[in-house]
Amino acid sequence: MSDVSGRFVVAAAVVAVSLVMATAAAAAHDYGEALSKSLLYFEAQRSGRLPYNQRVRWRGHSGLTDGLEQGVDLVGGYYDAGDHVKFGLPMAFTITMLSWSVVEYGDEIAAAGELAHALHAIKWGTDYFIKAHTHPNVLWTQVGDGDSDHYCWQRPEDMTTSRHAYKVDAENPGSEVAAETAAAMAAASIVFRRAGDAHYAHLLLHHAQQLFEFGDKYRGRYDASVEVVKNYYPSSSGYKDELLWAALWLHRATGRRDYLHYAVANADDFGGTGWAVSEFSWDIKYAGLQVLASQLLVEEKHLSSEQRAVVEKYRSKAEYYVCSCMGRNPGGADHNAGRTPAGLLFIRPWNNLQYVSNAAFLLTVYSDVLSALAQPLRCRGPEEDDGGEAAADAGEVLAFAKSQADYILGTNPMATSYLVGYGERYPRRVHHRAASSASYQHDKEFIGCLQGFDAAYSAGRENPHDLVGAVVGGPNAKDVFTDHRGWYMQTEACTYNTAPMVGVFSKLLELERRRREDAPPSSAPPAADDL
């Protein structure tokens, strides 16, 4: 048996096993509960002065002097993970993915009674971006220092570490973070326009357009201008993917042809139609922008023949990504994403579930594209833009996305939900300073920088607070998970892990509702009078 044919047999077997596991667990998973808890998580990550309706009561106000040293108000925003630095690039990506979830599945979120919470989660981020964008060509991209922050284990309410703020500007450009923030605000503007807040939507769009122009005119890597970020969120793919990503979101938000022209004209030079990838993340946006561009074939009715040809090239690379996730690309392991024995996508040992959650979302969206076009998924080599074998239909693509979501929710060899607070068994020792410490609401005694390592970090006990809705880093390549606070590759959660699952859970919840409505009524026993 050839390597290629063998790969197809193995891939088919893995998918079949995954579908059996997903089907068996279908009744066990409550996607509505998963959705609600996912949105609750963002309230635990809030920085700044918390609102009166804050639901995560063990958190308190924090970072109330952020930006004061630099003479700018940078209070608010989100902590990205279990520490207290506000990193602009992953925060912006989180808001883009939350917004995309609502753009695609807002009706489903509303039907679940969670739209207000979704809007609040997005607005907490966009309000901060408005503050951080103090001039058309100035964006404050970070508050705090990762090195000093990691030397301390204390609640955000007790922070004693540096809150120095960093910016990008015309002299010190940062195209990645400027463009990603533009994408986030453009996507959010669609959300708020549909929600009836035209004024706020217009404000977001104004900032998005300025930020895109800034990032495009003054091109440069943001980690060269803000060097302290290199050890935490360096840019490996450069800024061209973010520029294309932002242009596509601005086109979707405004309908302006110049943004579409930008994405078409720069598709080849910027790698949009050249990069064939197997991952999508806060850093590497190519798969996301390729799926976003593919939606133009459904939504944009006035593509010229030249534009359509370029968009089809984007789509071919989107399909390479989808096929890679499903193990359907020809060429064996070199052209397909890795898997654990139980079928979980496995890209890297550190926080692998970020790649899984993003893949689940992109495959969910792309299944909608295939359904709308009434076309199958075609898998081809990375250098091919045409042809390819029909490898799956829309239902199979969505089924694979569902299998990944179900694995996160507990359909896995460890029988553990990696969405904290969901199910009976989930991580209890999440690598998170606030969740592992006494609640500030009930114990205001100051916890020093090093004191927390003995009192909380090194303690073997469970966290006093569940970080409900957080998606942790997840198991290793053998499906094994270690629930230990110090094993941060597996037990730390990030905002961008959970954000795409908001969309996935919404879609799956709607499918479950339809399945119940379409199911025939159960056979009732005959009435006594009929016997």
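## Helix H13

Which residue follows H13, and is its phi positive or negative? In this predicted model, H13 is followed by Gly-327, which has a positive phi near 70 degrees.

The helix itself covers residues 305-326, a run of 22 residues. From first C-alpha to last, H13 reaches 31 Å, close to the 32 Å expected at 1.5 Å a residue. Most of H13 is covered, with 16 of its 22 residues buried.

## Tyr-321 and the nonpolar core

The largest nonpolar core contains 158 residues, of which Trp-100, Tyr-321 and Leu-377 touch the most other members. Helix H6 (residues 175-194) supplies the largest share of this core, 13 residues. In soluble globular proteins, nonpolar side chains tend to be buried together.

## Packing of H15 against H18

Two packed helices are described by the angle between their axes and the distance between the axes. For helix H15 (residues 394-409) and helix H18 (residues 495-518), the axes come within 11 Å and cross at roughly 110 degrees. Because angles of 65 to 115 degrees count as roughly perpendicular, H15 is roughly perpendicular to H18. The crossing of H15 past H18 is left-handed.

On the H15 side, the residues that meet H18 are Leu-398, Lys-402, Ala-405, Ile-408 and Leu-409. Their partners in H18 are Met-501, Val-504, Phe-505, Lys-507, Leu-508 and Leu-511.

Terms used: Residues numbered from 1 in each chain as written. Predicted model: local features only at pLDDT ≥ 70, side-chain atom pairs only at ≥ 80, totals over all residues. Heavy atoms only, no water. Helix = DSSP H or I, 4+ residues; strand = E, 2+ residues; numbered from the N terminus. Expected span 1.5 Å × (residues − 1). Buried < 20%, exposed > 50% of the residue type's maximum accessible area, 1.4 Å probe, protein only. Core = buried A, V, L, I, M, F, W, Y, C linked by side-chain atoms within 4.5 Å. Axes fitted to C-alpha atoms, helices over the stretch in contact; angles between N-to-C directions. Parallel < 35°, antiparallel > 145°, perpendicular 65-115°, else oblique. Left-handed = near helix turned anticlockwise from the far one by under 90°. Contact = heavy atoms within 4.5 Å.
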